[in-house]
Amino acid sequence: MNHVKHLKCLICGKEYQPDEIDYVCPDHGNEGIVDVVYDYDVVARNISPDSLKDNDDFTIWRYRPLLPIEPDSPVPPLAVGWTPMYEAPRLAEGLGLKHVWVKDDGRNPTASFKDRASAIAVVKAQEKGAEIITTASTGNAAAALSGLCASVEQPNVIFVPKSAPPAKIAQLLTFGSTVMLVDGTYDDAFELCLEAADEFGWYNRNTGFNPYMSEGKKTVSFEICEQLGLALNGDAGRQSNGWQAPDVIFVSVGDGCIIGGVHKGLRDLLALGWIDKMPRIIGVQAAGSNFMAEAWENGEDVLTKAPISADTVADSISAGLPRDRIKAMAAVTETDGAYVTVSDDEILAAIPALARGSGVFAEPAGATAYAGLVKAVELGLVSADERIVVINTGNGLKDVASAMTAVKLVGTEPYNVKPSLEEVKKVVASLQE
Ligand SMILES: *Cc1c(COP(=O)(O)O)cnc(C)c1O
Ligand SMILES: [Zn+2]
């Protein structure tokens, strides 16, 4: 990997060659998360907006020279990334805004954003010749690893809290993973997975531990800026100066790996000169799982702040101690962004609101980003002319029970009819009253 300069510890700044350490900086136990630092001169020799214009690989691998993998490593066949980004004029208008886009990452192979990271995990594990890959997860990272492993027949062991939504557990079992349902929280599952990986020598995909996960997640920012360029400039978006950064990006935050990845992708693009400004990044947390928001508001040090006890309907962002909290804090402070929190009722209400305003069906943690935009408008954090991208991180079919709660909450009921036209006529007549 001559395009990777080194891995840099985010706590002490120490630099390592990629083959010197497995995951974290050894000086800080499991907390010493490192950042992958690139040699952008080497990168720029192998990829540019110009070269991309003739690239018909519409997956994350179109950005391969910007990913921390060997040039000749095989990649899994599932089509991860290049998810659609829809302009949503009705959503915008409803909020007094002009330019809102929804980036629908529920359209990935296993139906969440996590496929971006798990795809990299599979490649890295196979580069190392690992026999087994493992991860702990609130559900989606597990399903993503499980599906990507199935696509290349890679054995894997998954740790999830037994409270994970049934659809996510069904995915794991269907893909044939070895599943450990942990009688505890996600945080318990995480610790257990680290211990097991250590004990058995399994390749560890864990978020906020494996440095390559945010590298997979950063591809969303490449796509956002490339797709926004195409949307705004048409064919000129395919010229070297055609890429466009939005003004603001909204993303939900649990462990903070996604928001850190969003930031990393934008930093890459700015360093390469493909975009000319850094968007503000707004992290959205559930009020019941607000570690980052609280730390940001109070100016607390995320390394010494005590874990909180997390509880929210948005299971994918329930994290008492966000594992990628250093990167998650930098994403907001270094972009002049903000953290906002939303209640579980606001999250649930955002599911039908987003679906009706854009046609995108999100699971609670995905709709959280949209609930955050609504909150940000109330707080005056965005202005009418700004270009705003809301990332939906997970598909609504992942958690049908929450969708049913959400429609009840906003008062949408079906009409129960017997199989007779008379009954339908009665309903139609009542609707016309
Ligand atoms: C994992 C996940 C998130 C949060 O990502 P973090 O990296 O944990 O902050 C948000 N939404 C969905 C659907 C997820 O699966
Ligand atoms: Zn260190």
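Here's a quick tour of two ligand sites in this structure. It's a predicted model, where local features need pLDDT of at least 70, side-chain atom pairs count only at pLDDT 80 or more, and totals for chains, interfaces and linings use all residues. Residues are numbered from 1 along each chain as its sequence is written, and side-chain values use heavy atoms, with hydrogens and water left out.

**The zinc site**

- Four residues coordinate the zinc ion (ligand 2): C9 (SG), C12 (SG), C25 (SG) and H28 (NE2), at 2.2 to 2.3 Å (donors are N, O and S atoms within 2.8 Å of the metal, or 3.2 Å for Na, K and Ca).
- Along the sequence, those donor residues follow the spacing C-x2-C-x12-C-x2-H.
- C12 sits in the loop between β1 (4–9) and β2 (15–16), while H28, 16 residues away, is in the loop between β2 and β3 (34–38) (strands are DSSP runs of E, at least two residues, numbered from the N terminus).
- The arrangement is tetrahedral because the 4 donor atoms subtend angles of 101 to 119 degrees (with four donors, all angles must lie between 85 and 135 degrees).
- For comparison, the ideal angle for four tetrahedral donors is 109.5 degrees.

**The ligand 1 site**

- Ligand 1 has 16 residues around it, and K114, G254, D255, G256 and T393 come nearest (a residue counts if one of its heavy atoms lies within 4 Å).
- An oxygen atom of ligand 1 is 2.7 Å from an N or O atom in the K114 side chain.
- Polar backbone atoms take part too: one of G254 is 2.7 Å from an oxygen atom of ligand 1, and one of G256 is also 2.7 Å from a ligand 1 oxygen.
- Taken alone, ligand 1 exposes 380 Å², and the protein buries 98% of that (areas come from the Shrake-Rupley method with a 1.4 Å probe).

Definitions and conventions. Chains are lettered from A and ligands numbered from 1 in the order in which they are written. Four donors count as tetrahedral if all angles lie between 85 and 135 degrees; four count as square planar and six as octahedral if opposite donors are over 155 degrees apart and all others between 65 and 115; anything else is irregular. Helices (H or I, at least four residues) and strands (E, at least two) are DSSP runs, numbered from the N terminus. A polar contact is a pair of N or O atoms within 3.5 Å; within protein, one must be able to donate a hydrogen and the other to accept it, and residues adjacent in sequence count only if both atoms are side-chain atoms.
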